[in-house]
Amino acid sequence: MQSKRESKGKTNEKIKIIIPLIVVLIVGTIIAIVYITNNSGYRDSQGNKIEVNEEEAKVLNGTYVYNENTKYTFDGIKEGTLNCPDGEFKYIYVIQDSKLKLYFEDDDMRDATYLFNLADNKLTLIGGAGTTGGTYVLNKEGN
């Protein structure tokens with residue numbers, strides 16, 4: 001049987017272990033919250049924060065087909081995917097001053113800016129920064 005002194009000693013040892021663990025957990029949680037708060041939002045490949053205007057993004061809601069192998073999908077809020085023979089690539093899109101800017105999640109993909117026009121369910125993209133240039137006409141799927 002343990003004496004009161006031995007029992008008290010074991011309790012003190014447990015407290016000496018538990019208190020530092022609690023402190024580490026609290027400090028870690030605070031650091032995580034600060035990190036997430038400071039790094040929230042979308043950023044371009046240079047680390048600049050991307051401001052998304054969801055009202056403008058609604059214009060492109062849908063899927064636009066370039067050819068049998070290539071199509072762009074826009075969720076009408078801010079996210080989309082490029083489906084092509086090389087795979088599926090997710091992006092954040094921003095519409096600003098008649099320009100469509102695509103910020104790809106995959107670092108192997110280059111962010112791209114296009115002048116764009118949407119009329120009669122046809123999306124016309126004119127290549128700008130980060131593109132190979134050229135003019136592309138995409139038809140809205142389902143119309």
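Predicted model: local features only at pLDDT ≥ 70, side-chain atom pairs only at ≥ 80, totals over all residues.
1. Start with T113. This residue sits in strand β8, which spans residues 112–119. T113 is buried, because its relative accessible area is 19% and the cut-off for buried is under 20%. Leaving aside residues up to four places away in sequence, T113 touches K99, L100, K101, I126, G127, G128, A129 and T131. Among these partners, K99, L100 and K101 belong to β7, the strand of residues 99–104. I126 and G127 are also on the contact list, and β9 covers 122–127.

2. Overall fold content. The chain has 2 helices and 10 strands. In sequence order the pattern is α-β-β-α-β-β-β-β-β-β-β-β. Helix α1 takes up residues 4–38. Strand β10 covers 135–140.

3. Burial and surface. The chain has 143 residues, and 26% of them count as buried. Its accessible surface is about 10,200 Å². Carbon and sulfur atoms account for 53% of that surface.

4. Contact range. Take the contacts between residues at least 6 apart in sequence. Of these, 25% join residues at least 24 apart.

5. The salt bridge. How many salt bridges does the structure hold? The count is 1. K71 pairs with E141, and the closest N and O atoms are 3.9 Å apart. The pair links distant parts of the chain, 70 residues apart. K71 lies in strand β4, while E141 lies in the segment after β10. K71 is partly exposed, because its relative accessibility is 30%. E141 is also partly exposed, at 43% relative accessibility.

6. Negative patch. Which residues gather in a patch of negative charge on the surface? They are D75, E79, E105, D106, D107 and D108. D75 is in the loop between β4 (70–74) and β5 (79–84). E79 is another patch member, and β5 covers 79–84. D75 counts as partly exposed because its relative accessibility is 33%. Patch members need over 30% relative accessible area, a cut-off to set against the 33% of D75.

7. Nonpolar patch. I17, I18, L21, I22, I26 and I30 form a nonpolar patch on the surface. Together they have about 570 Å² of accessible area. L21 is in helix α1. L21 counts as exposed because its relative accessible area is 51%, and the exposed class is over 50%.

8. Backbone check at S98. Most residues other than glycine have a negative phi. S98 has a positive one, near 60°, and is not a glycine. Where is S98 found? It is in the loop between β6 (87–96) and β7 (99–104). S98 is partly exposed, with a relative accessible area of 49%.

9. Backbone check at D120. The phi of D120 is positive too, at about 50°, although D120 is not a glycine. D120 is placed in the loop between β8 and β9. Is D120 buried or exposed? D120 counts as exposed because its relative accessibility is 74%.

Note on methods
Residues numbered from 1 in each chain as written. Heavy atoms only, no water. Patch = residues over 30% accessible without salt bridge, like charges linked within 9 Å, V, L, I, M, F, W, Y side chains within 5 Å. Areas by Shrake-Rupley, 256 points an atom, 1.4 Å probe, with all protein chains shown as cover. Salt bridge = Lys/Arg side-chain N within 4 Å of Asp/Glu carboxyl O. Lys, Arg positive; Asp, Glu negative; His and termini not counted. Charge placed at Lys NZ, Arg CZ, Asp CG, Glu CD. Helix = DSSP H or I, 4+ residues; strand = E, 2+ residues; numbered from the N terminus. Buried < 20%, exposed > 50% of the residue type's maximum accessible area, 1.4 Å probe, protein only. Contact = heavy atoms within 4.5 Å.
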